[in-house]
Amino acid sequence: LGPEQLLLGRIRGAHWLAHVERDRRATLLFIDPADMYRVVQVEAELVEATTEGGRAQMDRLSHRYTGGPYRFPMTRDLVRLELAPARVLSSIDEPAG
């Protein structure tokens, strides 16, 4: 994973996952919960989609946010997506006005 790449995970069967795998691109929108006018939009291209390492990724995220391993059973494969930003738009860098 490169320093400017994004890593996402999703359980196999999600509609948006099928679209990303088919189109090989995605748009992500990040909104500041304290100020809905502060947004970052990332248009990205799919580098890799794999089930390899999916559970380990979920455990790393769980440790980061809860301090422990992911404790819910996974009945379907977790797909690990690696995305490379192609274009980034941000309201943060725009002048107020």
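Colleague: Where does Tyr37 lie?
Modeller: Tyr37 lies in strand β3. Strands are DSSP runs of E with at least two residues, helices are runs of H or I with at least four, and both are numbered from the N terminus. This is a predicted model: local features need pLDDT of at least 70, side-chain atom pairs count only at pLDDT 80 or more, and totals for chains, interfaces and linings use all residues. Residues are numbered from 1 along each chain as its sequence is written, and side-chain values use heavy atoms, leaving out hydrogens and water.

Colleague: Is Tyr37 buried or exposed?
Modeller: Tyr37 counts as exposed, because its relative accessibility is 63%. Exposed means over 50% relative accessible area, buried under 20%, and partly exposed in between (1.4 Å probe, protein chains only).

Colleague: Which strands supply the patch?
Modeller: β2 and β3 each supply at least two of its residues.

Colleague: How many bridges join β2 to β3?
Modeller: Eight, and the two strands run antiparallel. Strands pair if DSSP finds at least two bridges between them. A hairpin joins β2 to β3 through two residues. Leu29 stands opposite Gln41 in β3.

Colleague: And how many join β3 to β4?
Modeller: 10 bridges, and these strands are antiparallel too. Val40 stands opposite Ser90 in β4.

Colleague: New topic. How many salt bridges are there?
Modeller: The structure holds seven. A salt bridge is a side-chain nitrogen of Lys or Arg within 4 Å of a carboxyl oxygen of Asp or Glu. One of them pairs Arg80 with Glu48, at 3.5 Å from N to O. That pair links distant parts of the chain: Arg80 is in β4 (residues 78–90), Glu48 is in β3 (residues 35–50), and they are 32 residues apart.

Colleague: What else does Arg80 meet?
Modeller: Arg80 also meets Glu82 in a salt bridge, at 3.6 Å from N to O. Shared partners join Glu48, Arg80 and Glu82 into one network.

Colleague: Is Arg80 buried or exposed?
Modeller: Arg80 is buried, because its relative accessible area is 14%. Glu82 is buried as well, at 9%. Glu48 counts as partly exposed, at 33%.

Colleague: Which residue does Arg38 bridge to?
Modeller: Arg38 meets Asp32, at 3.5 Å from N to O. Arg38 is partly exposed at 38%, and Asp32 is partly exposed at 23%.

Colleague: Now helix α2. What should its 13 residues span?
Modeller: At 1.5 Å a residue, α2 (residues 54–66) should span 18 Å. Its end C-alpha atoms are 18 Å apart, which agrees. The expected span is 1.5 Å times one less than the number of residues.

Colleague: Which residues of α2 are buried?
Modeller: Gly54, Gln57 and Ser62. Seen down the axis of α2, its buried residues fall within an arc of 135°, so they line one face of the helix. The arc is that of the directions from the helix axis to the C-beta atoms.
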